[in-house]
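Subject: A structure for you to look at

Hi there,

Here is the structure I promised to send over. Please open it first, and then read my notes below alongside it.

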Amino acid sequence: MTATKTGTAAGTFAPRPGAAPLSRMIRAQAALETRMLLRNGEQLLLTVVIPTLLLVLFSTVDIVDTGAGSAVDFLAPGVLALAVMSTAFTGQAIATGFERRYGVLKRLAASPLPRWALMTAKTCSVLVTEILQIVLLTVIAFALGWSPRGNPLAVLLLLLLGTAAFSGLGLLMAGTLKAEATLAAANLVFLLLLVGGGVIVPLAKFPEAARHVLEFLPVSALSDGLRTVLQHGASMPWADLGILAVWAVLGLGAAARFFRWE
């Protein structure tokens, strides 16, 4: 009895009650988000199957005139941009929209995990998924004869800014629209930007007036920036980086301001 009282007074119980360290909670939530995404067949179709099929089909079959040089040299950067958009924007918007509808976000917001940490975990999950996508698409592109060049740092900056821009826009859509509307709008935007964002079809094929507008879309800036570096060997595409930075600030700022958790 004496030993028990002494242990109680000294507070030596194990496990000790209380929330886990914040870093551990973020890692656990990020791992959960990643597993859920990779187990979702629709998400895999959007993030892996469609970009892979587009890369292989348009690189091996002469469907679209991609200009001088190898088709895969033009297409690979655009498909990488599409992969970023599919994960950071379309996939995240749809998943977060339905989590909001079913009250998952509301319950998580009441847990010891702060709201900003939940969004950090979602961002980490997006980055992990993008790494897997980029590795897979790069291997396939090399098998098709891709010969990239340019500054790896510029590629990394483009991918990070593109992820930030699309994440902000995806969270803004998921946090303001109903889940069904988010599902329809996210898929529609994906299809429209696939066609008009310079991913597969060169922007030079569009009328001049339309081209000047399309050049300022985030997927156009990302695909053009990656193409400028990886195909043409440019050191740092400042104009495209600037466009992506503006979209990132506007998207994340609007998401932080207007996102509704219920």
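Axes here are lines fitted to C-alpha atoms, for helices over the stretch in contact, and angles run from 0 to 180 degrees between N-to-C directions. Helices (H or I, at least four residues) and strands (E, at least two) are DSSP runs, numbered from the N terminus. This is a predicted model, in which local features need pLDDT of at least 70 and side-chain atom pairs count only at pLDDT 80 or more, while totals for chains, interfaces and linings use all residues. Residues are numbered from 1 along each chain as its sequence is written, and side-chain values use heavy atoms, leaving out hydrogens and water.

Let's begin with helix H10. How do H10 and H11 cross? Helix H10 (residues 218-230) and helix H11 (residues 238-258) have axes that come within 9 Å and cross at roughly 150°. H10 is therefore roughly antiparallel to H11 (under 35 degrees is roughly parallel, over 145 roughly antiparallel, 65 to 115 roughly perpendicular, and the rest oblique). Pro218, Ala221, Leu222, Asp224, Gly225 and Thr228 in H10 meet Asp240, Ile243, Leu244 and Trp247 in H11, where contact means heavy atoms within 4.5 Å. By class, this contact has 6 nonpolar, 2 polar and 2 charged residues (Ala, Val, Leu, Ile, Met, Phe, Trp, Tyr, Cys and Pro count as nonpolar, Asp, Glu, Lys and Arg as charged, and the others, Gly among them, as polar).

H10 also packs with helix H4 (residues 71-101), at an angle of about 140° and with the axes 8 Å apart. The H4 residues that meet H10 include Phe74, Leu80 and Met85, and among their H10 partners are Val219, Leu222 and Leu230. The contact of H4 with H10 has 10 nonpolar, 2 polar and 1 charged residues.

Now for the loop between H10 and H11, where Gln231 is found. Is Gln231 buried or exposed? Gln231 counts as buried because its relative accessibility is 13% (buried is under 20% relative accessible area, exposed over 50%, partly exposed in between, with a 1.4 Å probe and protein chains only). Leaving aside neighbours within four places in sequence, Gln231 is in contact with Ala68, Asp73, Phe74, Arg149 and Leu226.

Finally, the record: an unreviewed UniProt entry annotates "transmembrane region" for stretches including residues 181-204 and 241-259. In the model, residues 241-259 are 95% helix and 0% strand, with end C-alpha atoms 26 Å apart. Residues 181-204 are 67% helix and 0% strand, with end C-alpha atoms 33 Å apart.

Enjoy exploring!

Conventions: UniProt positions renumbered as here; feature names shortened; annotations may be inferred.
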